[in-house]
Amino acid sequence: MIQSYFVSYWGHNHLITFVVASAFVAAALLMNRHYSIERLHAASQFNSRTAAHRLSQFIIILAAGHWLFYLLVPSFVDYGEPVMPLLAGNIPQGAPVYADWGSGEEIVGSNYGPYVFLAQIPIVLWLHSIAASKLVGIIFAAGSCVLVYLTLRKIIDSKEEKFGEPAILLALMIGFLASELHYWFWNRPDSALILTVACGIFIHERASFRKSLLAIGLLAGIATNLKLFGAIYFVPLGVACLTRNATALRKLWPAIAGAALLFAVAVALPFTLPSFNARAYVENIFMMPNQGFIIGSMVESLFFGAGILLLPFLLWLRSDRDIENTVLLLALTGCAAVTAVISGKPGGGPPYMLPFAPLSVFAAARMKPRPELNSSLNAASIRNIVLVSVLACAAPIWAYSWYQMAKPFTRLAEDRAKKAELLTLFQAYPEAEVGPSSGIQAEEDIYARVHRAFLGHTIKFDYVNYADQRLAGVPSETMLPLLSDCRVPYWIFSRSGDKFASQIDGKPIFRHHEVERFHANYVLSKKLKYYELWKCIER
């Protein structure tokens with residue numbers, strides 16, 4: 001019941017947020033025209049600086065509590081999170097992260113670039129725990145908040161508000177990020193992308209334009225190797241930097257060339273490692289358009305982008321319309337629109353817009369109001385209206401994220417027993433692969449397969465990317481070599497569902513000939529309480 005209500009609200013959350021924030025700002029502007037300043041002051045207590053400061057402090061503390069709570073959750077909360085350390089575990093052994101599926105040796109891969117896996121290397125080599133793996137994303141999220149706050153504090157130079165104003169804008173950014181559950185600090189590339197953008201605005205505000213351009217080139221290259229389109233988040237900063245120095249463009253060519261070189265190095269460098277096959281990665285990426293296009297996802301992303309950019313746009317209308325800020329806002333709008341279109345791919349959607357949140361509050365902080373606009377509805381009032389609207393609309397999503405994370409605590413003893421069973425099987429059969437079974441419970445049962453990486457084992461098969469590629473049109477026969485000639489000597493399955501019966505978007509991932517090949521070549525060897533082991537007949 002709770003989940004159905006959540007799914008229904010989540011599908012319309014960004015539209016609701018944009019409409020609510022726009023409506024309240026419009027109402028406030030209308031009241032500003034027809035009522036006296038004294039009456040407005042009495043009717044708008046939420047515009048109080050003290051209240052806004054306290055609210056922002058509460059939101060920042062709540063975000064930190066959310067990180068800590070997720071760190072304490074004994075498992076992951078999403079099926080894709082274990083894949084990051086699992087594939088990272090292949091790197092120290094020189095095994096592929098992006099495999100050539102035509103070789104018949106491995107079926108592993110990802111739509112994500114190499115840096116998200118390299119970030120997990122300390123975990124698989126030394127720390128060996130799910131909590132440590134999740135800590136990577138949390139550190140990225142915390143680092144983003146610190147860098148954004150320091151950047152805002154430098155921009156907003158009002159001495160009596162050294163904490164207040166930057167903290168309010170930071171709380172607004174957190175509100176936008178929290179409207180997509182825990183995506184902004186989970187074990188996927190989103191947190192790293194947000195951090196690269198935060199680094200970009202931090203450097204842009206402090207460094208010379210040449211150093212800023214060089215940093216943008218490097219960070220854009222890193223972002224490209226997190227998600228292929230990641231460089232788009234740095235276009236607004238690059239354009240603003242060039243606009244600031246439009247009269248000296250000829251002198252900027254060395255810096256532009258250096259930025260391009262750093263971009264190329266950041267993109268190419270990981271592919272010098274044996275685990276990263278550039279051709280296999282590109283082939284994997286170029287299959288993705290075959291998955292189709294979801295118009296609803298694009299529309300949701302457009303509304304999310306509109307909500308994110310609402311405050312800087314409103315403040316720009318009341319600002320001195322500085323050319324650099326104008327170009328920055330135009331570039332932000334264009335890049336957000338392009339990203340929304342990209343997000344129409346299956347598995348995309350509004351989370352692709354998250355890195356625009358730090359750019360939005362950065363742009364908002366830079367807007368300087370025109371002196372003649374001395375009314376009761378000043379920039380602070382508009383900001384606070386948007387803040388309250390965003391937080392109110394994000395609250396149900398944020399609450400559901402806490403609820404979702406709390407569920408594993410209700411089955412701690414069972415999860416420990418499942419982990420113990422899997423570890424016993426992994427230690428006894430290091431060549432075993434974990435196969436998929438149907439159903440949500442079976443999917444959650446194999447989150448603990450991540451411990452294979454902590455034991456130093458490599459993997460030849462992971463169903464997550466295989467499911468994506470099947471949706472993109474990869475023939476099911478690709479799986480047959482792994483089920484022949486004992487290439488995988490053992491398979492481990494959860495007993496909660498049917499073997500090789502998983503689906504994606506209602507379509508079967510495996511066909512009958514793979515299931516037949518499996519049963520022709522494997523026999524049940526061990527049946528434990530939660531898992532079972534199947535052994536190759538020729539073994």
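The protein is divided into domain 1 (1-76 + 111-406) and domain 2 (77-110 + 429-538), with bounds that come from an automatic or database domain assignment. The model is a predicted one, in which local features need pLDDT of at least 70 and side-chain atom pairs count only at pLDDT 80 or more, whereas totals for chains, interfaces and linings use all residues. Residues are numbered from 1 along each chain as its sequence is written, and side-chain values use heavy atoms, with hydrogens and water left out.

Taken over C-alpha atoms, the centres of domain 1 and domain 2 are separated by 35 Å. Contact (heavy atoms within 4.5 Å) involves 40 residues of domain 1 and 35 residues of domain 2. The size of an interface is often given as the accessible area lost when the parts come together. The area buried between domain 1 and domain 2 (accessible area, 1.4 Å probe, that the two parts lose on being put together, summed over both) is about 3000 Å², and carbon and sulfur atoms give 63% of it. On the side of domain 1, Phe-76, Phe-117 and Ser-275 lose the most area to domain 2, together 23% of what that side buries.

Polar interactions also join the domains. Twelve residue pairs, both at pLDDT 80 or more, are in polar contact between domain 1 and domain 2; such a contact is a pair of N or O atoms within 3.5 Å, where within protein one must be able to donate a hydrogen and the other to accept it, and residues adjacent in sequence count only if both atoms are side-chain atoms. Elements that give two or more residues to the side of domain 1 that touches domain 2 include helix H8 (130-155) and helix H14 (278-287), helices being DSSP runs (H or I, at least four residues) and strands likewise (E, at least two), numbered from the N terminus. H14 gives the most to this side, with five residues. The residues of the side divide into 23 nonpolar, 15 polar and two charged; Ala, Val, Leu, Ile, Met, Phe, Trp, Tyr, Cys and Pro count as nonpolar, Asp, Glu, Lys and Arg as charged, and the others, Gly among them, as polar.

The structure holds 16 salt bridges, each a side-chain nitrogen of Lys or Arg within 4 Å of a carboxyl oxygen of Asp or Glu. Two salt bridges are counted between domain 1 and domain 2. Arg-188 forms a salt bridge with Asp-78, their closest N and O atoms being 2.6 Å apart. A network of salt bridges links Asp-100, Arg-279 and Glu-283.

A salt bridge also joins the side chains of Lys-418 and Asp-445 (2.6 Å, N to O). Because Lys-418 lies in helix H19 and Asp-445 in helix H20, this pair ties together parts that are 27 residues apart in sequence. Lys-418 is buried, at 4% relative accessibility, and Asp-445 is buried with a relative accessible area of 4%; buried means under 20% relative accessible area, exposed over 50% and partly exposed in between (1.4 Å probe, protein chains only). Glu-444 forms a salt bridge with Arg-411, with the closest N and O atoms 3.3 Å apart. Glu-444 is partly exposed at 27%, and Arg-411 is partly exposed at 23%.

Ser-437 is located in the loop between strand S1 (433-434) and helix H20 (440-445). This residue is buried, with a relative accessible area of 7%. The side chain of Ser-437 reaches the backbone oxygen of Ser-494 at 3.2 Å.
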